[in-house]
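I opened this structure to look up its strand pairing and the surroundings of a ligand. My notes follow in the order I made them.

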Amino acid sequence: MPNIILSINAGSSSVKVSVFSYNSGSSDLKELAVIQVAGLTAPPATLKYDRGDQHIKNQELSKSDVSSQETAYEYILKYLTSDEGLPKLKHSDDVEFACHRVVHGGDYNKPVRIDRDTFHHLEELSDLAPLHNAGALTIVKAVHEKCPKASNIAFFDNAFHQTLPEAARTYAIDQKVAKRNKLRKYGFHGLSYAFITRAVASHLQKPTKDLNIVALHLGSGASLCCIKGGESIDTSMGLTPLAGLPGATRSGSIDPSLIFHFTHDAGKPSRSSAKGMHITEAEDILNKKSGWQALTGTTDFGAISSKAEQGDAACKLAFDIFVDRVIDFVAAYYVKLGGRVDALVFAGGIGEKGVQLRQAIVDKVSCLGFALDDAANAKPDGQKVVVDIGPQQSKHRILICQTDEQAEMARQCAQEADSLRRPS
Ligand SMILES: Nc1ncnc2c1ncn2[C@@H]1O[C@H](COP(=O)(O)OP(=O)(O)O)[C@@H](O)[C@H]1O
Ligand SMILES: CC(=O)OP(=O)(O)O
Ligand SMILES: [Mg+2]
């Protein structure tokens with residue numbers, strides 16, 4: 001009998017759920033549907049739904065139906081269980097596993113079933129991923145209420161980076177304090193990097209253990225990962241997802257002293273703290289009031305790229321800043337791989353769709369032997385998970401990977417189902 005896995009990716013402003021069926025004891029996993037409620041922070045929320053040849057895009061939802069992550073999940077569950085075209089999920093009890101992407105898992109290095117203790121531990125880590133963990137935990141609670149028979153499993157975005165060498169993960173601060181307070185580089189987007197590693201190894205027909213790539217996950221949050229022999233040896237995010245590249249509302253790395261010149265209230269609790277997130281004004285400004293939003297007034301990097309081309313100065317600056325920061329990391333990771341780079345891999349919403357950005361980045365690193373096929377870059381084959389967009393004869397390959405964090409969770413869940421299942 002096939003079982004149902006719901007793979008849930010709670011973003012700061014959206015909830016994305018993929019529905020999978022699998023057969024116990026086999027790795028036979030099938031994606032049945034993908035549903036997304038977006039725009040939770042800029043109502044009205046919108047619905048996107050794909051099942052077979054049924055596609056709904058940007059359907060506006062009423063504010064009384066959906067206004068938070070919790071109500072978004074309730075809406076999604078009702079929508080899925082009443083879809084006649086999805087007979088395997090008729091009732092909330094049909095859900096065997098609910099997989100949750102939890103961005104900060106601290107020292108957890110593999111998926112865990114969420115019980116009372118793990119839940120509290122993850123709540124404590126919310127301060128370190130202020131845009132993410134709290135939302136995911138709200139949904140864990142909603143699943144617990146609405147699907148009481150399901151096993152809730154947490155999958156951690158930092159787990160892929162447990163292989164970071166000591167020098168890469170250690171900050172140059174007092175090590176007694178660092179160890180006591182667990183202050184180190186964790187790195188994130190790990191579910192995406194795990195997916196990318198497998199998909200690219202398969203595309204290049206190489207064993208994962210021989211794969212050397214520089215992977216770019218460019219979305220609302222953006223990072224790079226230096227992958228050597230299939231393992232993360234460096235990544236651009238740090239203790240929290242704030243470090244490294246700028247993002248939709250995040251500054252990325254800045255001189256830490258800057259914040260004290262930006263505001264005299266840096267250390268005071270921010271007003272968002274009242275909602276159960278204990279963050280300071282400094283964290284609020286750098287995580288939620290910076291990045292593309294602060295530079296251009298929009299978080300839509302597609303719009304920023306088009307306007308930059310049309311000569312909008314603020315958008316051009318934002319675009320150029322992104323290119324500048326990305327190439328710093330590409331160059332550094334190229335050196336860390338000793339120049340033995342199988343491919344530069346673009347992924348995430350911006351990496352997969354940002355034609356101009358890929359062009360600008362590859363232009364700047366062409367001295368390292370990277371080149372684009374302009375036609376393939378402009379119109380990559382959207383049907384394939386991994387596509388080549390470089391000319392055949394170039395020194396290193398350039399790839400686009402349609403990464404899928406939900407599919408990665410479902411794959412790991414189906415594989416480990418026996419040990420993750422709640423004892424009955
Ligand atoms: N044509 C495009 N060119 C560049 N960026 C795009 C394009 N279309 C969408 N994007 C950007 O992709 C980003 C969202 O990426 P995604 O990985 O889905 O984000 P999230 O981190 O929220 O999951 C947004 O900034 C969006 O503007
Ligand atoms: C870790 C992180 O930044 O995630 P996202 O890109 O989904 O915001
Ligand atoms: Mg994302």
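Entry one. The model is a predicted one. I began with β3 and β4 (residues 46–51), which run antiparallel and are joined by 5 bridges. Within this pair I looked up I35 and found that I35 stands opposite Y49 in β4.

Entry two. I then asked how many bridges join β2 to β3. I found 8 bridges between β2 (residues 15–23) and β3 (residues 29–38), and these strands run antiparallel. I also looked up Y22, whose bridge partner in β3 is L29. I noted as background that strands of a sheet pair through backbone hydrogen bonds, either parallel or antiparallel.

Next I traced an open sheet of 6 strands, and I read its order as β11-β10-β9-β12-β14-β13. The pairing in this sheet is mixed. I noted β11 (231–235) and β13 (386–388) as the edge strands, each of which pairs on one side only. On average, neighbouring strands of this sheet are turned by 25° against each other, with direction ignored.

Entry four. Which strand pairs with β11 in the antiparallel sense? I found that β10 (residues 222–228) does, over 4 bridges. For K228 I noted E231 in β11 as the bridge partner.

Entry five. Last, I listed the residues around ligand 2. They are G11, V103, D157, F188, H189, G219, S220, G221 and P241. Sorting this shell by class, I got 5 polar, 3 nonpolar and 1 charged residues.

Definitions and conventions: Residues are numbered from 1 along each chain as its sequence is written. Chains are lettered from A and ligands numbered from 1 in the order in which they are written. This is a predicted model: local features need pLDDT of at least 70, side-chain atom pairs count only at pLDDT 80 or more; totals for chains, interfaces and linings use all residues. Two strands pair if DSSP finds at least two bridges between them. Helices (H or I, at least four residues) and strands (E, at least two) are DSSP runs, numbered from the N terminus. Axes are lines fitted to C-alpha atoms, for helices over the stretch in contact, and angles run from 0 to 180 degrees between N-to-C directions. A residue is near a molecule or strand if its C-beta atom, placed from the backbone, lies within 6 Å of it. Ala, Val, Leu, Ile, Met, Phe, Trp, Tyr, Cys and Pro count as nonpolar, Asp, Glu, Lys and Arg as charged, and the others, Gly among them, as polar.
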